[in-house]
Amino acid sequence: MFEIDNIVKYYKKTKGVENLSFNLKSGKALGIIGINGSGKTTTFRVLLGLLKADSGTILFKSKPLSQHPISLFGYLPEERSLYKDLRVFDQVIFLGRLKKMSDELIIERLDKYLKILKIADYKYTKINKLSKGNQQKVQILCALIHEPSILILDEPLSGLDVINVEILKKLINDLKSQGKYILLSSHQFEHIEEFCDDIIILKKGDVQYEGSVMDLINSSQYHYLNVDKEVGLNYIDDEHVVEFKVKGKLIQLKIDDRSQRDKLFKRIIANENVNNISIEQASIEIIVKERELI
């Protein structure tokens with residue numbers, strides 16, 4: 001168990017993060033979201049030991065971090081932190097040696113992750129010759145090379161196209177199945193929903209929500225129904241439809257009660273000739289906007 005209890009960090013009188021607590025189990029992923037200045041970066045730096053908390057405790061397997069090697073963590077920063085004049089091979093060798101790894105082990109794992117990330121052809125290519133997406137994959141490889149127990153991934157999907165997003169999704173799910181402890185930050189809330197079991201929402205250093213992703217989604221006061229536009233327009237004046245949005249050939253009806261949404265669904269099916277109709281859950285993005293959580 002990775003246990004964080006009541007972490008507080010101020011920069012003189014400016015709040016970095018306050019009263020942050022969570023427990024993260026093996027094989028689980030925790031999403032941390034918030035805009036710039038929310039406290040995400042402070043949180044990551046405190047966890048990594050780059051900043052000292054003013055108060056609070058951090059334990060891994062019931063022991064303080066000071067009793068664990070620095071190789072406990074793998075960190076993917078949001079900003080590029082590669083030596084771009086180096087070849088991929090040299091960059092990884094350099095970082096592996098810093099982690100006290102043998103060259104033989106570094107090369108073995110390098111080849112493994114190059115293959116997983118589908119960049120094996122770039123092993124001896126200078127980093128500054130790679131696309132932004134492939135540089136991001138090299139940076140991910142660097143965070144994994146020493147096989148850390150805890151992974152902190154700050155915007156891991158940044159700069160990746162659709163195909164590479166799928167590659168990384170599979171990798172993250174594989175890491176979860178291996179029992180890794182994963183903290184993940186992303187501005188793309190749909191990725192938080194897909195990867196993360198729990199979520200923390202930060203705003204100006206304060207915790208706005210801490211709990212399961214599904215509990216947050218199920219707590220929405222609004223419910224959604226997507227239906228053919230020409231059909232849905234007949235129901236926008238229903239007393240329980242509070243808002244509607246045209247989405248191409250469909251219209252999304254925002255409804256103020258789950259049971260009323262279900263009744264409307266059945267009514268449309270019974271009375272209309274529909275090609276497309278579906279129920280949609282509220283998303284994290286919708287709920288964050290509803291409640292002004294960030």
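Predicted model: local features only at pLDDT ≥ 70, side-chain atom pairs only at ≥ 80, totals over all residues.
Does Cys196 count as buried or exposed, and at what relative accessibility?

View 1. Residues are numbered from 1 along each chain as its sequence is written, and side-chain values use heavy atoms, with hydrogens and water left out. Cys196 counts as buried at 7% relative accessibility, where buried means under 20% relative accessible area, exposed over 50% and partly exposed in between (1.4 Å probe, protein chains only). Cys142 is also buried, with a relative accessible area of 12%. Taking a disulfide as a pair of cysteine sulfur atoms within 2.5 Å, the count comes to zero.

**View 2. Helices H2 and H4.** The axes of H2 (residues 88-98) and H4 (residues 132-144) come within 10 Å and cross at roughly 25 degrees, which makes H2 roughly parallel to H4 (angles under 35 degrees). Helices are DSSP runs (H or I) of at least four residues, numbered from the N terminus, and axes are lines fitted to C-alpha atoms over the stretch in contact, with angles from 0 to 180 degrees between N-to-C directions. Val88, Gln91, Val92 and Leu95 of H2 make the contact with Val138, Leu141 and Cys142 of H4, contact meaning heavy atoms within 4.5 Å.

**View 3. Helix H1 and the residue after it.** Six of the eight residues of H1 (residues 40-47) are buried, so this helix is largely enclosed by the rest of the structure. The buried residues are Lys40, Thr42, Thr43, Phe44, Val46 and Leu47. Just after H1, Gly49 takes a positive phi of about 85 degrees.

Methods. Helix = DSSP H or I, 4+ residues; strand = E, 2+ residues; numbered from the N terminus. Parallel < 35°, antiparallel > 145°, perpendicular 65-115°, else oblique.
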